[in-house]
Amino acid sequence: MASLAFWNPIACIIAFVVLVAIIYLFRSRGQKKYKKGTAQTQIFLSGEKPPDAEQRHIRAHNIYWGFFQALKRYYDPTIKAHTGIINDYIIWFIALAAAIAVILFIVGLI
Amino acid sequence: MTQGIPFNIPFLAVAVMIGIAFYIIISQRNLIKLVMGLSILASGVNLFLITLGYRKGGVAPIYTHTPAGIMVLPIPQALTLTSIVIAVACLALMLSMIIHIYRHTGSTDSEKSRIMKG
Amino acid sequence: MRKIAITVSLSIFIGFLIATAFLIHPFGYPPSEMDDYIIENTQSETGANSAVTAVVFDYRGYDTLGEATILFAAVTGVVMLFRRKKREN
Amino acid sequence: MMSKIVRTMASLLILFALIYGLYIIMHGHLTPGGGFQGGAVFASGVALLIVAFGSDNVHKSLKEHHLSILESSGALIFIGLAFGGIATVFFYNFLVGSSLFGHIPPPGSNPGDIWTAGVIPFMNIAVGLKVLAGLSAILLVMALATTLMEVEE
Amino acid sequence: MSEKARDIFVIATLVFVEFLVIILARDIYLNGLHIYTLGASSPNLTIPENYIVPVRIILEVDSMSIFMAIITATVSLAAAIYSLSFMKEETGGDRFYTLLLLLAAGMFGMELTGDLFNLFVFLEIASIAGAALTAFRTRFADAVEGGLKYIVISSAAALMVLFAIGILYAQYNLLNIGALAQVIQYTMLDKIALALLATAFTMKLAGVPMHMWAPDTYSVAPAGTTPMIYIASQACLYGLFRTCFTLYGVTLNTATIGWIVIIIGVLSMFVGVTMAVHQSDVKRLMAYHAISQSGYMLLGVGVGLAVLGNPEALASYGREAMSGGIFHIINNALYKGLLFLTAEALFFRLGTRDLNKMGGMCRNMKYTSIFFIIGALAISGIPPFNGFTSKLMIYESVYRFNPILSVIAMLVSIITLASFTKAFQAAFTGPALPQYKDVKEVPKPMLIGMGILTIIIIFFSLFPGLIVSSIVNPATDALINQATYINAVMGGL
């Protein structure tokens, strides 16, 4: 296709290798005398005892809170439309079938 | 245009039957009644297929001791046989699932027994 | 408001079904190229007196296979839904 | 488990239901009917038994896994008959003209000869076996499930 | 019969089917479409001697059909391998695998047939097997509810398909797609039949506004079968394309129905992705993404359908838009199947699908998190993964048709990335939660099932041009050239 003429798998592989090299470079600059389980792995919060994992983890419902607040006027009716009732699904089916039939009928008239 | 029976009354019956079935499906919240509506819908479609195959004054397309005369179309009857068996299979599966839903939630109301939404 | 929309869409839908009933061929006079062939040749090709059985098992036997498969799937599904739960031990 | 009158009549009527179902299965290529219709009649006989004697009593002598084995064998016979004509084409009616069920009836109205229609009688039997086993299994399992649910409550 | 023998039999069957499909595909790409008349005295005898219309059922396999068949075979194989270790926890495994194979059989039958009523029969097979599989875990109430919703929706849609088939049969007394396509005239009855067929297939492929059953069904289906049920909806997408392109073709007012398909596609993209961001159940999130990805396919192929009437527009951008949409089908089947499998792996180990209760799974499930990252990058259209290539084709060609649609598509892609960032952050990153301290990696068959799809995704990402030129463009041409399909049946009559 025209849009894929520029595509070259070798370029992708080379880019991947370069990325891996950069990551390895950064890691190699790291602290040499790092040992697991010592005080190095503890979180340093200016001497305070850090809160336990339950409070540290950001839960899913906190993410994009502002996004949902900003789009409240879109989300409220949309979620309200998703009533998990089977009858409503068939209602949507009938409505769309009638709409498509009417559209085809009117376009056929013109 | 319609010799014999005016206004294609059998086809009108099909239309009315399917309309009644859809009205039941969208208006009844009881799952058993919903399944009843679906089986009425299946019966309406089967009636449509059968009425397609009728020829005026035709006899059954079977040559054993058949009276003389034209025969009705055989293919719609075969299609109807297939769709009847399919409707029976769907009905059995739906009723089994409704039994399970009643066991879990103690209700066959499509709104009270609903867990997932949004 | 919601009820009005539902009523309108359902009535339009049924209206198209009734339009189908009026536009379709008059009852009792269907077009029949395919079926005439079967009615004429069922005895000579399949040897069956019943044209319906000939259609079900010979001319459209593949549909019958699928139909039997549907029944098999339904039986399997129903027996699976009411299967015995794993006993705790 | 219903009253004695119902049970006696059912044990008499079941015979006619089964015989009639088998007749419809066997004469599918001559008269109206066939494997599906005959199997449905046969399963209605089983439904009569379930109504009269109670599903658990029927389940003592009629297990659903036996029925599913019967149904699978019917399906296998059907597919095997379809593959029988694979030398020419899948689903080819390879018995027409042969000595086994191979007669060609006289054209037009005729009294009907059982030795006709090639593989169609065998397919009728296979599908009849499948349908009677399948519908009986569905009826039995659902009846058992409903009775168990009544026991639970 | 021991369980190991059963598992070996199932896997061997699916591998054999994959092998057969690949052989058939090679033959079709070399020699054009295949035709097989069931029950006739010769496979090529589509019409009986000295007669005018086809009577028997005809299997007709062209590039589009075999394209869908390749997808079905591959995803079914991966799903079956994935299900092996899942079934060790459950009872009734024999019937589970029976229904799994029946679901695959229904999809193959839908894709390889050339007869309308036969299409309906196999649609019902796929629906019943899929519904029974969805309700497999009967100890959960929501599983049974999802199965009931699926079977009710499927039987209503399938009965409307049958009604439309009856309308066509009443007018032309034909059931074969090619023979119908030759004589169809787009009368009022044909319009009603087209509306019913299009709506029923759109409902089965979960296009907005009839998408609401999809999250309920996909989120409760047991491990491994969720991708297969999703591929069943893609088979209904194939049914929609077959109806619009091959059955009606240029006789219908292509601009109108094309715009209808485009609008449904854009609605599916937008509503699906915006609802997905809002979900907290990981499998519901992926189900809404499945809806929004189907919108891309509808958009791309709808643009091709809208310009089917004028050849120069079709040659300039319509064909590429269709290729992008059709290429997106196979890409989406791969990475969406992979994502469903990873979500099921989380549910398998943690016992919950709620993202609010997860966290820090990178430490416990390394390979699963790697698979999740690859799938998420692919579905968000990040280069160099295969989702990017198909989306790029859609953007470019749709921009020349109508720039606004292309902009909406890019916006949807951005929101997709955002929602998968949310899912990854909530499930895999963060500190090690104490209640999941001893969660282990999923067993090996699950990793193998996910690895197969990952390897194919990486291959597609490296060589998209090869894939497009070898299997996608033939499928597009098969949809565009209606006359080839008709002549194969009618012999140029």
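**Interfaces of chain A with chains E and C**

In the contact between chain A and chain E (contact meaning heavy atoms within 4.5 Å), 41 residues come from chain A and 65 residues from chain E. The model is predicted, so that local features need pLDDT of at least 70 and side-chain atom pairs count only at pLDDT 80 or more, whereas totals for chains, interfaces and linings use all residues. Residues are numbered from 1 along each chain as its sequence is written, chains are lettered from A in the order in which they are written, and side-chain values use heavy atoms, with hydrogens and water left out.

About 4600 Å² is buried between chain A and chain E, with carbon and sulfur atoms accounting for 78%; buried area is the accessible area (1.4 Å probe) that two parts lose on being put together, summed over both. No salt bridge is found across this interface, a salt bridge being a side-chain nitrogen of Lys or Arg within 4 Å of a carboxyl oxygen of Asp or Glu.

The contact of chain C with chain A involves seven residues of chain C and nine residues of chain A. The buried area is about 630 Å², 87% of it from carbon and sulfur atoms. On the side of chain C, the residues that lose the most area to chain A are C:S9, C:F13 and C:F16, which together give 61% of what that side buries. One salt bridge is found across the interface of chain C and chain A. A:D88 and C:R2 form a salt bridge in which the closest N and O atoms are 3.1 Å apart.
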